[in-house]
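Here is a briefing for a reader who is meeting this structure for the first time. Please keep the sequence and the model in view while reading.

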Amino acid sequence: MPAPDPSQTPRPLRIRPLAERKNLVRKEDFAVALPPTPGFLQWFEALPDIYGSKALKQVVDRVVTARQQGREVGVSLGAHVLKVGLSPLLIDLMRRGLITHVATNGASAIHDWETAYQGATSEDVAQNLPDGSFGFWRETMTALNGAATRAQQRGEGYGLAIGRAIHEANLPHRHLSVFAEAARLGIPATVHVAFGCDITHMDPELDGAALGAATQKDFWTFADTVGRLEHGVWLNVGSAVIMPEVFLKAVSIARNRGQLGADFLTANFDMLQHYRAVTNVVQRPPKEGKSITAMHEIVLPLLHQALVCTAEARGMLQEPR
């Protein structure tokens with residue numbers, strides 16, 4: 001048998017400290033969650049009742065009505081939503097009781113934790129990929145994969161474990177973390193991981209069984225919320241594949257259990273209307289679905305302000321908890 005070629009022998013992975021990384025997104029550029037702004041609701045209601053603006057008005061009305069009636073209002077996120085600085089708006093809606101569940105993918109959890117840790121996130125992939133440094137950041141891997149291990153030990157979901165880890169570590173920018181706020185408020189924040197999609201999966205120390213158990217628990221928590229979605233609202237924001245697929249399976253579980261009909265509203269917000277989001281969220285599950293095409297960093301501030309102003313006008317706006 002020929003001797004092995006040393007040049008083909010895998011070398012140990014080079015994992016660097018996060019402090020060495022250039023970040024493209026900084027907390028200073030994040031959106032600001034304003035209280036209800038005088039005159040905004042009059043401006044919003046003056047938008048034409050045609051196409052996108054009509055759909056947006058209908059979504060706002062249905063969300064506020066659902067919360068008035070104690071119904072679920074869930075939001076699925078793609079990672080880009082957090083990368084463009086919108087976490088303060090989501091956190092404010094959670095604090096005011098207008099969002100009852102946040103669900104997202106593993107990349108969102110990474111951006112959320114990095115923001116809480118250092119007030120910045122999002123590396124330059126094009127710059128770091130050629131030399132193989134892309135994604136190999138020790139603090140991010142240790143924190144996120146450690147949260148999965150603790151989730152398995154405690155019998156809790158991945159999202160809750162991440163939120164608790166941020167609080168337990170007293171991270172300096174935890175007020176910008178959707179997961180930390182969800183844990184504090186007792187709102188489900190679930191992470192639906194697709195193995196191989198996230199930089200944390202490149203860590204040789206990752207306990208895949210722990211991560212699988214943690215994200216599986218989150219899936220069943222998600223399915224339980226969807227089972228209570230009748231007369232509620234589900235918003236899919238910026239997730240083209242993973243969350244629409246997870247949502248469709250949760251709907252099937254709910255109907256298999258005899259929990260869910262079709263009397264709920266769904267809406268897909270994205271800069272492009274992709275097949276799975278339109279089919280699996282807007283068209284197949286509900287009696288009524290909306291598609292709103294816009295950049296997240298434009299439409300979500302509008303949606304946030306419209307929701308808080310409409311809730312205030314109806315006398316049911318909560319002070320942030």
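Helix H12 (residues 275-283) lies across strand S6 (233-237), strand S7 (265-270) and strand S8, and H12 runs at about 160° to S7, where axes are lines fitted to C-alpha atoms, for helices over the stretch in contact, and angles run from 0 to 180 degrees between N-to-C directions. Helices (H or I, at least four residues) and strands (E, at least two) are DSSP runs numbered from the N terminus. This is a predicted model, in which local features need pLDDT of at least 70 and side-chain atom pairs count only at pLDDT 80 or more, while totals for chains, interfaces and linings use all residues. Residues are numbered from 1 along each chain as its sequence is written, and side-chain values use heavy atoms, with hydrogens and water left out.

**The sheet**

- Six strands form an open sheet in the order S5-S3-S2-S6-S7-S8, with parallel pairing; two strands pair if DSSP finds at least two bridges between them.
- Strand S5 (189-192) and strand S8 (288-293) stand at the edges with a single partner strand each, so one side of each is left without a neighbour in the sheet.
- From one strand to the next, the twist averages 15°.
- Strand S3 (residues 101-105) runs parallel to S5 and is joined to S5 by four bridges, and Asn105 stands opposite His192 in S5.

**Helix H7**

- The 17 residues of helix H7 (residues 138-154) should span 24 Å at 1.5 Å a residue, which agrees with end C-alpha atoms that are 24 Å apart; the expected span is 1.5 Å times one less than the number of residues.
- Among the buried residues of H7 are Thr140, Met141, Leu144 and Asn145, where buried means under 20% relative accessible area, exposed over 50%, and partly exposed in between (1.4 Å probe, protein chains only).
- The cover over the buried residues of H7 includes helix H5 (106-118), helix H8 (158-168) and helix H10 (208-226).
- After H7 comes Gly155, whose phi is positive, near 70°.

**Helices H4 and H9**

- Helix H4 (residues 87-95) packs with helix H9 (residues 178-185) at an angle of about 10°, their axes being 10 Å apart.
- That makes H4 roughly parallel to H9, since angles under 35 degrees count as roughly parallel, over 145 as roughly antiparallel, 65 to 115 as roughly perpendicular and the rest as oblique.

**Cysteines**

- A search of the whole structure finds zero disulfides, a disulfide being a pair of cysteine sulfur atoms within 2.5 Å.
- Cys197 is exposed, with a relative accessible area of 55%, whereas Cys309 counts as buried at 5% relative accessibility.

Terms used:
Contact = heavy atoms within 4.5 Å.
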